[in-house]
Amino acid sequence: PARLAVLASGRGSNLQAITAAIAAGQLDAQVVAVLSDKPDAPALQQVTAEQRWARSPKDFADRAAFDAALGDALAGFAPDWVVCAGYMRILGQAFVERFDGRLVNIHPSLLPLYKGLHTHARALEAGDAAHGASVHFVVPELDAGTVLAQARVPVLAGDTPETLAQRVLAVEHPLLIASLQWLVSGRVAERHGQLVVDGHPLFSPLRL
Ligand code: GAR
């Protein structure tokens, strides 16, 4: 099975969904490591001490030094795929290039809308009728890589950022599992900023 390393800064519900899907036989992979920029991230508790790496960026001189340590630790786990699942720290260009082609992120918006933070509040402020989540390949520019798959949910009257976040999170989990299964099976790939499905260029993201 494909070796997945997960980068997570917080709760880890997406990580939990990955582990559950693997146990249920829905995802042909194994989680080999969880790495974090937050030593107290709850997500870390989902794996054994040997499968964990967490350091605070405050203990490093600069972003490049933290990224290099993260990258070295990651490389030590020999992952086939690196999955950012609630990883809230920007990855520098050298890191992204080191893991180029096997680095994906789940982001809580319908990209290219609402890159960065506070996506749910921004969708509400804009009066959007729909919102959702995207899985994309990571490039140095924030949340700008090729989108692999998206899931869409309605925005409902009376929604708050919290109720909307909850509705999006519920579809993030199956979206991430489906995306990872497409990736590990080799059926979907990215070439030259272009999604390729079963060898054919695809000009739209897959949709859940
Ligand atoms: C998820 O909603 C994920 O899309 C988002 O953080 C949450 C993590 O939840 N990621 C980002 O905002 C990345 N910029 P989880 O820790 O329960 O998986």
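View 1. In β9, L195 is the bridge partner of E190. β8 (residues 188-191) and β9 (residues 194-197) pair in the antiparallel sense over four bridges. Pairing requires at least two bridges found by DSSP between two strands. Two residues lie between the strands of this hairpin, where H192 takes a positive phi near 55°. β9 also pairs with β10 (residues 200-202), in the antiparallel sense and over three bridges. Here L195 stands opposite L202. The hairpin of β9 and β10 has two residues between the strands, and D198 takes a positive phi near 50°. Helices (H or I, at least four residues) and strands (E, at least two) are DSSP runs, numbered from the N terminus. This is a predicted model: local features need pLDDT of at least 70, side-chain atom pairs count only at pLDDT 80 or more, and totals for chains, interfaces and linings use all residues. Residues are numbered from 1 along each chain as its sequence is written, and side-chain values use heavy atoms, with hydrogens and water left out.

**View 2. S179 in helix α5.** S179 sits in α5 (residues 161-184). It counts as buried because its relative accessibility is 1%; buried means under 20% relative accessible area, exposed over 50%, partly exposed in between (1.4 Å probe, protein chains only). The side chain of S179 reaches the backbone oxygen of L175 at 2.7 Å. Not counting residues up to four places away in sequence, S179 touches V135, L148 and A149. Contact means heavy atoms within 4.5 Å.

**View 3. L27 and its contacts.** L27 lies in the loop between α1 and β2 (29-36). With a relative accessible area of 3%, L27 is buried. The C-alpha atoms of L27 and I177 are separated by 6.8 Å, although the two residues are 150 apart along the chain. Leaving aside neighbours within four places in sequence, the contacts of L27 include L4, I18, I177 and L180.

**View 4. The largest pocket.** Its volume is about 930 Å³. Of the 39 lining residues, G86, Y87, M88, I106 and P108 are the closest to the centre. A pocket is an open set of points on a 1 Å grid over the protein atoms alone, where a 1.4 Å probe fits, with protein on both sides within 12 Å along at least five of seven lines; lining residues have an atom within 4 Å of a point. Helix α5 gives the largest share of the lining, six residues.

Technical notes
A polar contact is a pair of N or O atoms within 3.5 Å; within protein, one must be able to donate a hydrogen and the other to accept it, and residues adjacent in sequence count only if both atoms are side-chain atoms. Grid points are joined across faces, edges and corners, and a volume is the space filled by probe spheres set on the points.
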